[in-house]
Amino acid sequence: MLTAPANTPIIEVEGLWTQFGSHVVHRDLNLRVEYGEIMSLVGGSGSGKTTLMRQMLGLETPAQGGIKVFGIPLQNTPRELVHRIRRRWGVLFQEGALYSALTVFDNIALPLRELRVFDEDYIHDMVMLKLDMVDIERRHAWKSPSDLSGGMVKRIALARALVLEPELIFLDEPTAGLDPDRSESFVNLIRELHKKLGLTVVMVSHDLDTIVSLSHRIAVLAEQRVLVHGPLADVVKVEHPFVRNFFLGERGLRALSALPTEVPQS
Amino acid sequence: MSPPSTLAAAPVQEPEVRLASNPAAGVTLSGAWDIRSLQHRARFMQASLKVAATTVDGPWDLSGVQRLDHIGALLIWRAWGKKRPAEVSLQPEHEAFFEQLARNAEGVDAPAYDPATLLRKLGTYLLVFLEHLTGMLVLVGQTAIDTARMLRRPTLGPWREVSASVFRTGAQALGITAGVGFLIGVVLSYLSAEQLKAFGANAFIINILGIGVIRELGPVLCAVLVAGRSGSAITAQLGVMRVTEELDALSVMGIPYTVRLVLPKVLALAITMPLLILWTTSIALLGGAMAAQVTLDISVMQFITGLPAAVPGVNLVLGIGKGVVFGALIALVACHFGLRIQPNTESLGIGTTNSVVTSITSVIIADAIFAIMFNDVGIVLM
């Protein structure tokens, strides 16, 4: 029904153009994300990383070109079908985007309740299970999001994104605003969940540590296109000012040298 | 990176619970037990599992399960009574789901209902009310102190903000107040005309409209409109500034936000309110006079020339005086609620609603106090 053959990529971006007025952000951009990988989108500010991600989510429509997710184009597709695609992915927004009017419990329960097939008892157990999965103590379940720290909000938002068992998960700046300790443990959490659940992860990040320690492949957005897309070892070989500054600048080298053996190979 | 096992090539079967004819022979589960397959038949599968769990006393065979996720695993786990049955055969990669469930067996329940909640709630309301009162008082006091300090060097005053506020709360409100005022004038005149005609007291329309609109209706109508229009805007603006920490940014720069934000709004509304009242009252009287011409044959000219005799000038002073008080009151209430907004979206909505409701209520209370204080002023008995 919705299952694509195994050889098609989970996300396929083809000939994508994005324009704001006369300002071209993406010019004939192509990108493929394979099933099961962790892919990072990297680029300078204004390079259109977040826009690309929002287009993949169907929140914005590109001027030209198409995006297929699970082999189904997002544009000119019946709403019903797009709706079904949306139930198969989870999104972690930068600020968590927890519904501030609801408690933590209700935030995580909301997608489950919307299905209207599970009873409250079941939902309770499922919410508790998801809280355990993201290492949040159960006593926090009845708090309101405004009473929680940034790190906890991110974990709970992740639990909410995972509650419908998505195959694909989008992370927008997963470690932004977290202290190094928290961001380290959040990275570990994502890695662990990826291994356990066989997720595909698409991530936008500025944090080199996060990118280096998680990604199988990295797509560098520059000059209105995907400059290079591949494992870290291939990316750093590219001669380009952005790549040099980002990966091989002082900060970059520090991050790379700190994690020499942990670079995952896809 | 190999594709996850959920994409195995074999066609996906529907989830199924098979009972052997002999209860001791056990249960066999097969098919896909994931959200995609379960989201339309979860209730049915739950019921089947329950039947299986209560009747069968044998091994559970889950090795035929093609797909499993937490949704399916929890369904099975709950049918088991949240503990692993004696004999289970599982695919090794499905083991992890049940291990996790077993690890987290005990939960913390929602806080139980406490009968004292109602009483506690009442007490909380009372305390919140008192807190609002003291908060208001502190705001008024702080603004007064900061203003006094500012007045020593009046060139540093927030005059530009005052002027901007006057424009926003006054000039831009002219249209709506005129429209509403005119219609109310027409309606009031029409209704009174019927009664007056019955008594042959046509000329008294000038007294009724004159006193009613200038003394009461104009100021209150105007105040309600301004509270809804500008009061809510002030609360929302300060609330957003609170959420985005702009207020704190002002404080650390040594700029008291009472002077920069509260004072201009209070001053501006105290200036614009009387002017708006004058404007609304005039338009309402015009509307009333025009309606009187149609229903009672009193010309607009006649209405206007008759007005000074029917309505002593002190009523106008009273109406305008009310305007100053109402304006300052609306601005203070709006600022008070705006400054108390918590950094979340819900609080912004509640705060704005409360601000408008409270400012309209306090305007009407103030109006009642005015009515009692000045009950023997400006009324001529014929």
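Predicted model: local features only at pLDDT ≥ 70, side-chain atom pairs only at ≥ 80, totals over all residues.
**Reading a sheet and an interface**

Biologist: In strand 10 of chain A, which residue is the bridge partner of A:Leu221?

Modeller: A:Val226. Strands here are DSSP E runs of at least two residues, and helices are H or I runs of at least four, numbered from the N terminus. Two strands pair if DSSP finds at least two bridges between them. Residues count from 1 along each chain as written, chains are lettered from A, and side-chain values use heavy atoms, without hydrogens or water.

Biologist: What order do the strands of the sheet take?

Modeller: The open, mixed sheet of chain A runs 6-7-8-3-9-10. Strand 6 (89–92) and strand 10 (225–230) are its edges, each pairing on one side only.

Biologist: And the interface: how many salt bridges does the rule find between chain A and chain B?

Modeller: The rule wants a side-chain nitrogen of Lys or Arg within 4 Å of a carboxyl oxygen of Asp or Glu. Here it finds 5; one of them joins A:Asp125 to B:Lys82, with the closest N and O atoms 2.7 Å apart.

Biologist: Which helix of chain A gives the largest share of the side touching chain B?

Modeller: Contact means heavy atoms within 4.5 Å. Helix 4 of chain A leads with 10 residues. Overall, the contact takes 39 residues from chain A and 30 from chain B.
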